[in-house]
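Morning, everyone. Please have the model open on your screens, and follow along as I go.

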Amino acid sequence: MKRLAFLFFIIAIGCNPISERKQPIPSLYRLSQMDLKLEGKQLAELYCANCHLKPEPKLLTKDIWESSVLPDMRMRMGLYLEEDFGRTLPEDMNVPEGIYSKTPFITEDNWLKIKQYYIDNASKEPLPQIAKETPTLGLPGFEVEIPEFDFVYPNLTTMISIDEKGDLWLGHRFRKLFHLDDGSGFSIIDSISTPVAPVQIKFNKDGFELLSMGLMDPANDSLGTFQHYQNELGVWESIEVFDQLIRPVHVSYGDLNSDGVEDYVISQFGNHIGKLSAFLSSSSGYDELVIKALPGARKVELVDMDQDGDLDLVGLMTQAQEGVFLWENDGEGHFLEKPLIRFHPAFGGSDLQIIDFNQDGLLDLVVANGDNADLSQQLKGYHGVRIFLNQNGGFEESWFYPMYGASGVVVEDFDLDGDQDLMAISFFPDKKEKPSEQLIYFENEGNINLKPFVSEVKWASNFLILSKGDIDRDGDTDVFIGVFDFEDLYKKPSENWTPLVLLKNKNL
């Protein structure tokens, strides 16, 4: 009977790719109960697509597939082999139960077929970048400043933001928030201890609200916090709004349930576990509504995407279920998920900007992908910055510039000529690239003809944070880059503190 059921399933799906199939793929449990007489590629279509888009073998090299990615996928399906003796197992890494199955969902024979399919068809070398325009040396319209403080401290910046007065606020991994002056020397006005590393701040009339991440390294902890700070007689006091957040990385604000009170949407990135949560105002305070109970929520913006008068959620999900999703609001705080773009699990989504890039009245998507810190740490030619133009609700990739390890992007009319320009950074650049493409400015010459420029400065630091604002109040937009030096994590620093780079806009 099981064999007949499976034959019916094969007939139903035929040879069409997953995206075109109308029949759902059987669950891992159902697959484990079937007598599968299939080859490696067919098995991969079934097993891999249970959790995410099936990655093509050429996306990674043979050694990466063999040494890290495939063993992890196998153990997630509950199959352990003799080769695992001596390997760090999930229980040794404090992985919560349920992530790695205790029941095998695949036979060893079928697993070996999948493994062989990937090994036989993998790349020998990392995929190269496609042909691209070589960046021009120099950043037109910008002056580079690297403020240096007169004391030694680790360069581990986790946040940069500008308040309404033009002062700079800088978050530090070592549980600190620094208040700096408006750029005339960048002296420290104040320093505030925080529970964990700050990642986002919002200023209000009473003080500010602060989202703090918890452990920055991959972890399943729930140490993240969202707090309100007020200054009482020169002393900053904090009030906890939400706690026990799972490595939160972003918060958005807006009235989602039409009661006139601001709600919060917090991207709890996590690691093996995580979630995207809306905290909706109620008579008792705030009630948490879990929008998506998966790790990898990177950034969500509240916009009226369907133009029905209420705020929807549009956000970037990473980890296995990579993609940009729309959560459509019915106006009362109930949401229907619709995928806008799906990416393979090695895509490495890292940033999202939602803006009408081509000025046609429709919101477009700008995506940076380059996260390279998990199981496949190698240069990836498909990392970079992409623009997806809105084609009446569907999104089409209309521009792509390869950039190894792209980790952040900001959009702005920097040169004040009426169209949108881009600035992007890489946290995982190719260190051998000359000139360095760790920072690229894309000047829009019209019709999304984006010309790349790189700085003449030889960067000695890693860039983690990218933000913008008019610090000198001259009417144009400046750019701020947060420095995060890996070496400062493991050894005592010996040089003066240089936590940021300022690109001062000189177009006005």
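**A tour of the model**

Let's start in a loop. Pro435 sits in the loop between β24 (421-426) and β25 (439-444). Helices (H or I, at least four residues) and strands (E, at least two) are DSSP runs, numbered from the N terminus. The peptide bond from Lys434 to Pro435 is cis, with omega near -5 degrees.

A word on the source. This is a predicted model, where local features need pLDDT of at least 70, side-chain atom pairs count only at pLDDT 80 or more, and totals for chains, interfaces and linings use all residues. Residues are numbered from 1 along each chain as its sequence is written, and side-chain values use heavy atoms, with hydrogens and water left out.

Gln307 is in the loop between β15 (297-303) and β16 (312-317). Its phi is positive, about 55 degrees, although Gln307 is not a glycine. Is Gln307 buried or exposed? Gln307 is exposed, with a relative accessible area of 60%. Here is the scale: buried means under 20% relative accessible area, exposed over 50%, partly exposed in between, with a 1.4 Å probe and protein chains only. Gln359 also has a positive phi, near 55 degrees. Look for Gln359 in the loop between β19 (349-355) and β20 (364-369). Gln359 is partly exposed, at 48% relative accessible area.

Next, a sheet. Four strands form an open sheet, in the order β3-β4-β5-β6, and the pairing is antiparallel. Strands count as paired if DSSP finds at least two bridges between them. Why do β3 (157-162) and β6 (188-193) each have one side left without a neighbour in the sheet? They stand at the edges, each with a single partner strand, so one side of each is left without a neighbour there. Neighbouring strands of this sheet are turned by 15 degrees against each other on average, direction ignored. For that angle, axes are lines fitted to C-alpha atoms, for helices over the stretch in contact, and angles run from 0 to 180 degrees between N-to-C directions. Inside the sheet, β4 (residues 168-172) and β5 (residues 176-180) run antiparallel, joined by five bridges. Trp169 has His179 in β5 as its bridge partner.

Now the rings. How many aromatic pairs does a search of the whole structure find? The search finds 36. Rings of Phe, Tyr and Trp (its six-membered ring) pair if their centres lie within 6.5 Å; planes under 30 degrees apart count as stacked, over 60 as edge-to-face, and the rest as tilted. Take Phe178 and Trp497. Their ring centres are 4.9 Å apart and their planes at 55 degrees, so the pair is tilted. This pair links distant parts of the chain, 319 residues apart: Phe178 is in strand β5, and Trp497 is in the loop between α6 (487-490) and β29 (500-505). Both Phe178 and Trp497 are buried.

The rings of Phe208 and Trp236 also have centres 4.9 Å apart, with planes at 50 degrees, so this pair is tilted. Phe208 is buried, with a relative accessible area of 1%. Trp236 is partly exposed, at 22%. Ring pairs also link Phe226, Phe242, Tyr253, Tyr264, Phe279 and Tyr286 into a cluster.

On to β29. Six of the six residues of β29 are buried, so this strand is largely enclosed by the rest of the structure. β29 pairs with β2 (residues 142-145) in the antiparallel sense, over four bridges. Phe142 stands opposite Asn505 in β29. Strand β28 (residues 478-483) also runs antiparallel to β29, joined by four bridges. There, Phe480 has Leu502 as its bridge partner.

Last stop, the cores. A nonpolar core is a set of buried Ala, Val, Leu, Ile, Met, Phe, Trp, Tyr and Cys residues joined through side-chain atoms within 4.5 Å. The largest one has 29 residues, and Tyr47, Trp65, Ile114 and Tyr118 have the most contacts inside it. Which helix gives the largest share of this core? That is α5, with five residues. A second, separate core has 19 residues, including Val366 and Leu450.
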